[in-house]
Amino acid sequence: MDLLAQATGAALDSLRHAALTDPAAPTPCTRWNLATLVRHLADSTAATRELLTGLPPGPPPPGCAPARHELHRLRATLPDLPRDAARLHAIALPASYELTLHAWDINRTTGCRTPLPPTLVEALLALAPLVIDGVDRTDLFAAPLPPPHPADPTDRLLALFGRRAAPGA
């Protein structure tokens with residue numbers, strides 16, 4: 001749950017820049033523009049919160065507001081969830097990757113060079129085999145890329161999920 005809280009924070013930070021960027025801007029998710037990516041972030045956050053709490057999503061506000069709204073709602077529910085429920089961890093861990101990677105995607109699209117939180121990246125790297133080993137990646141994650149040399153932790157995490165930081169990023 002702590003990783004999900006950190007990932008939620010990274011996603012919320014990325015949305016500050018998204019609201020000031022052309023919604024049609026292309027993203028590292030090659031099939032999506034910024035508006036589609038932000039809408040996906042809102043939908044997946046709402047679904048995660050619903051899976052964790054059993055509470056259905058409310059009506060979404062317009063623009064970047066739905067994603068921000070859902071991220072705040074998810075973050076608000078996390079302290080009240082049981083810490084020892086394996087089912088909840090099975091939901092929270094993949095959601096942590098999704099929120100973190102899409103925060104990076106949004107930052108890249110908007111030109112924001114704020115790095116992902118190092119403690120979050122290191123934890124996600126350590127737990128990655130639980131999420132991606134032996135999983136059909138079709139429609140979930142891009143194929144892994146070899147990490148650049150030398151690779152910092154963020155570069156390694158991005159490569160595991162088919163992303164590459166731009167040179168000089």
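**Figure 1. Order of the elements along the chain.** From the N terminus on, the elements of this protein run α-α-α-α-α-α. The model is predicted. It contains six helices and zero strands. Of the 169 residues in the protein, 43% are buried. Among contacts with a separation of 6 or more, 70% join residues 24 or more positions apart.

**Figure 2. Packing of helix H1 against helix H4.** Helix H1 covers residues 2-18 and helix H4 covers residues 86-110. Their axes lie 8 Å apart, and the two helices pack at an angle of about 20 degrees. Angles under 35 degrees count as roughly parallel, and H1 and H4 are therefore roughly parallel to each other. H1 passes H4 in a left-handed crossing.

**Figure 3. Residues where H1 and H4 meet.** The residues of H1 that meet H4 include Leu 3, Leu 4, Ala 7, Ala 11 and Leu 15. Thr 8, Ser 14 and His 17 are also among them. On the H4 side, the residues include Ala 92, Leu 93, Leu 99, Ala 103 and Ile 106, along with Ser 96, Thr 100, Asn 107 and Thr 110.

Figure 4. Asp 155 is found in helix H6, which spans residues 153-160. Asp 155 is buried, yet has no salt bridge. The nearest side chain of opposite charge belongs to Arg 164, 7.3 Å away. A salt bridge would need a side-chain nitrogen within 4 Å of a carboxyl oxygen. Leaving aside residues up to four places away in sequence, Asp 155 touches Pro 148, Pro 150 and Ala 165.

Key
Residues are numbered from 1 along each chain as its sequence is written. This is a predicted model: local features need pLDDT of at least 70, side-chain atom pairs count only at pLDDT 80 or more; totals for chains, interfaces and linings use all residues. Side-chain values use heavy atoms; hydrogens and water are left out. Helices (H or I, at least four residues) and strands (E, at least two) are DSSP runs, numbered from the N terminus. Buried means under 20% relative accessible area, exposed over 50%, partly exposed in between (1.4 Å probe, protein chains only). Lys and Arg count as positive and Asp and Glu as negative; His and the chain ends are not counted. Contact means heavy atoms within 4.5 Å. Axes are lines fitted to C-alpha atoms, for helices over the stretch in contact, and angles run from 0 to 180 degrees between N-to-C directions. Angles under 35 degrees count as roughly parallel, over 145 as roughly antiparallel, 65 to 115 as roughly perpendicular and the rest as oblique. A crossing is left-handed if the near helix is turned anticlockwise from the far one by less than a right angle, and right-handed if clockwise.
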